[in-house]
Amino acid sequence: MKVHKLFPTPVFESHIDVDLETIDVVTNTNYERATFNDISDDRDVLTMLPELSQEILEATKYYMYTQLGIHRHITPYIVRSWSTRHGQDDNAKLHCHSNAIFSGVYYVNAPHNSGTITFHDANHSTFHPTITPDSEHNELTERHHTIYPKNGMLLIFPAHLLHHVSNNMTHKTRYVIGFDIFIHGTFGEHTGCKITL
């Protein structure tokens, strides 16, 4: 017997050591209050961190080329990056990222209990919400998946994937760099309209 695990949603996880320059940038940038957390005024913070930016792009290429099978003549670039600051009880409500192919988060300072990230299945892969039999939760039946961040963790995922961040349950401040990725290249000759971006 065999089960075909069709149409998975790939969330890539890696690690990049956090350096003092990154800590300095995210702790000393100007923040404005969003509804449930603070976000940097600068929406291009990774330009101040060229080495980290390059490491993120290399991780994105690995994800694209070796995991997703995207052809190597298509290259990623960062279209937007920002830092967020979560104090006690701060969170991020359910959302996805528009005008991007991939999105990601890099955890600069993620103390224990300062907020998890949970990804949600918007496609009702196994069970529709109107008919949900009692079942064990596993990779075939789960409707959401939670990841517990650690310092230096890098996550890259499809930009349309819905996600939220739970409350910071500590007195410690949590710092994260978020980013969006788009692609350069000519593609689509065999799958539809040929375009160059």
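Biologist: Let's start with a loop. Between which two strands is threonine 170 found?

Modeller: Threonine 170 is in the loop between E10 and E11. Those labels are DSSP runs numbered from the N terminus: strands are E with at least two residues, helices are H or I with at least four. Before we go on, this is a predicted model, where local features need pLDDT of at least 70 and side-chain atom pairs count only at pLDDT 80 or more, while totals for chains, interfaces and linings use all residues. Residues are numbered from 1 along each chain as its sequence is written, and side-chain values use heavy atoms, with hydrogens and water left out.

Biologist: What does threonine 170 touch?

Modeller: A contact is heavy atoms within 4.5 Å. Leaving out residues up to four places away in sequence, threonine 170 touches Gln88, His112, Asn113 and Ser114. There are polar contacts as well (N or O pairs within 3.5 Å; within protein one atom must be able to donate a hydrogen and the other to accept it, and residues adjacent in sequence count only if both atoms are side-chain atoms). The side chains of threonine 170 and asparagine 168 are joined by one at 2.8 Å, and the threonine 170 side chain also reaches the backbone nitrogen of lysine 172 at 3.0 Å.

Biologist: Now the sheets. What is the strand order in the open sheet of four strands?

Modeller: In general, strands of a sheet pair through backbone hydrogen bonds, either parallel or antiparallel. Here, a pair needs at least two bridges found by DSSP. The order is E5-E10-E7-E8, with antiparallel pairing. Strand E5 (92–95) and strand E8 (144–147) are the edges, each pairing on one side only. Neighbouring strands are turned by 15° against each other on average, direction ignored (axes are lines fitted to C-alpha atoms, for helices over the stretch in contact, and angles run from 0 to 180 degrees between N-to-C directions).

Biologist: Which residues stand opposite phenylalanine 119?

Modeller: Phenylalanine 119 has histidine 163 as its bridge partner in E10 and stands opposite histidine 145 in E8. Strand E7 (117–120) is joined to strand E10 (162–165) by four bridges, and E7 pairs with E8 over four bridges too. Histidine 120 faces leucine 162 in E10.

Biologist: And what is the order in the sheet of seven strands?

Modeller: That open sheet runs E1-E9-E6-E11-E4-E3-E2, again with antiparallel pairing. Strand E1 (12–15) and strand E2 (31–33) each have a single partner strand, so one side of each lacks a neighbour in the sheet.

Biologist: How many residues are in the largest nonpolar core?

Modeller: A nonpolar core is a set of buried Ala, Val, Leu, Ile, Met, Phe, Trp, Tyr and Cys residues joined through side-chain atoms within 4.5 Å. The largest one has 27 residues, and those touching the most other members are Leu46, Leu52, Ile56, Leu154, Ile156, Ile177 and Phe179. H2 gives the largest share, seven residues. Setting aside neighbours within four places in sequence, isoleucine 56 contacts Ile16, Leu46, Ile78, Leu154, Ile156 and Phe179. A second, separate core has 11 residues, including Tyr107, Met153, Phe157 and Leu161.

Biologist: Which residues of H1 are buried?

Modeller: An α-helix has 3.6 residues a turn, so residues three or four places apart point the same way. In H1 the buried residues are Thr22, Val25 and Val26. Down the axis, they fall within an arc of 90° (taken over directions from the helix axis to the C-beta atoms), so they line one face of the helix. Leu20 and Asn28 are exposed on the other side. The cover over the buried residues includes E2, H2, E4, E6 and E11.

Biologist: How far apart are glutamate 51 and threonine 22 in space?

Modeller: They are 9.8 Å apart, C-alpha to C-alpha, and 29 residues apart in sequence. Glutamate 51 is in helix H2 and is exposed, at 60% relative accessible area.

Conventions
Buried < 20%, exposed > 50% of the residue type's maximum accessible area, 1.4 Å probe, protein only.
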